Amino acid sequence: RTTQHSDDIRKDYWLYRNIIVRIISKKLAKGKYYKRKAVVIKVLKHDKYSARVQVLDENHNEDNDGDILELDQDDLETVIPKETEETSLVRILNGPGRHEKAKILSLDKKRYVANLQLKNDENG
C-alpha cells in the first residue's frame, strides 16, 4: 500500500468484540477465574481499555461458567489457536492490518511470531 491507514498505526489498546481471551489476573475473585477463557462480548466505549467478557464453559462442573465480568485489558491476554488448527482464522489486533481477519500460515509460539495471510488476499 502506498497510503497508510489510521488502523496501521500501533495502538496501546487491542480489545475487539467476539475474540477469545484468557483471564490472567490472580487477584480477581481470589484466583477463581485465573487462566479461564472468555469471549469479549462488548468493548467499553468510554475508554477502549476495558471489556465485558463472558467466561466460557470449559470443565462442565465449574459454578462460574457463563459469568459476565467487566475487566481491564491488563487482566486479559489473547488466545492463540492450537498449531493443529492450520485453517484457523485470527483477528489482527494491532499494527498493520488491524481488525482484519487472517489465516495462520505458520506459528512460532515460543517467539510469539506468526506468518499470516489476509483473508481478502488469498489469491495472490
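Where is the place of I19? In this predicted model, I19 sits in the segment before β1, and its relative accessible area of 11% makes it buried, because buried means under 20%. Once neighbours within four places in sequence are set aside, I19 is in contact with W14, A38, V39, V40, R91 and L93. With R91, which is 72 residues away along the chain, I19 has a C-alpha separation of 7.7 Å.

**Overall fold**

The protein chain contains 8 strands and 0 helices, and its pattern along the sequence reads β-β-β-β-β-β-β-β. Of its 124 residues, 29% count as buried. Among contacts in the protein chain with a separation of 6 or more, 42% come from residues 24 or more positions apart.

In soluble globular proteins, nonpolar side chains tend to be buried together. Here the largest nonpolar core has 15 residues, and those with the most contacts inside it are W14, V21, I23, V40, V53, L69 and L76. V53, one of the core residues with the most contacts inside it, is in contact with V21, A38, V39, V40, I41, D67, I68, L69, L71 and L76 when neighbours within four places in sequence are left aside. W14 and V40, both named among those core residues, are also among the contacts of I19.

**The aromatic pair**

How many aromatic pairs does the count come to? The count comes to 1 aromatic pair, formed by Y13 and Y49 in an edge-to-face arrangement, with 5.6 Å centre to centre and 80° between the planes. Y13 lies in the segment before β1 and Y49 in the loop between β2 (37–43) and β3 (50–55), so the pair ties together parts that are 36 residues apart in sequence. The two partners fall into separate accessibility classes: Y13 counts as buried at 17% relative accessibility, whereas Y49, with a relative accessible area of 28%, is partly exposed.

**The largest pocket**

The largest pocket has a volume of about 1,200 Å³. Its lining consists of 32 residues, and T78, V79, I80, R91 and L93 are those that lie nearest its centre. R91 and L93, both in this group, are also contacts of I19. At least two residues of the lining are supplied by each of β1 (20–23), β5 (76–78), β6 (89–91), β7 (101–108) and β8 (113–118).

**A position before β7**

E100 is found in the loop between β6 and β7, and at 24% relative accessibility it counts as partly exposed. Its C-alpha atom is separated by 8.8 Å from that of N120, which is 20 residues away along the chain.

The two C-alpha separations given in this report are set out together below.

| Residue pair | Separation along the chain | C-alpha separation |
|---|---|---|
| I19 and R91 | 72 residues | 7.7 Å |
| E100 and N120 | 20 residues | 8.8 Å |

Note on methods: Residues are numbered from 1 along each chain as its sequence is written. This is a predicted model: local features need pLDDT of at least 70, side-chain atom pairs count only at pLDDT 80 or more; totals for chains, interfaces and linings use all residues. Side-chain values use heavy atoms; hydrogens and water are left out. On a 1 Å grid over the protein atoms alone, a cavity is a set of points where a 1.4 Å probe fits but cannot get out, and a pocket is an open set with protein on both sides within 12 Å along at least five of seven lines; lining residues have an atom within 4 Å of a point. Grid points are joined across faces, edges and corners, and a volume is the space filled by probe spheres set on the points. Helices (H or I, at least four residues) and strands (E, at least two) are DSSP runs, numbered from the N terminus. Rings of Phe, Tyr and Trp (its six-membered ring) pair if their centres lie within 6.5 Å; planes under 30 degrees apart count as stacked, over 60 as edge-to-face and the rest as tilted. Buried means under 20% relative accessible area, exposed over 50%, partly exposed in between (1.4 Å probe, protein chains only). A nonpolar core is a set of buried Ala, Val, Leu, Ile, Met, Phe, Trp, Tyr and Cys residues joined through side-chain atoms within 4.5 Å. Contact means heavy atoms within 4.5 Å.
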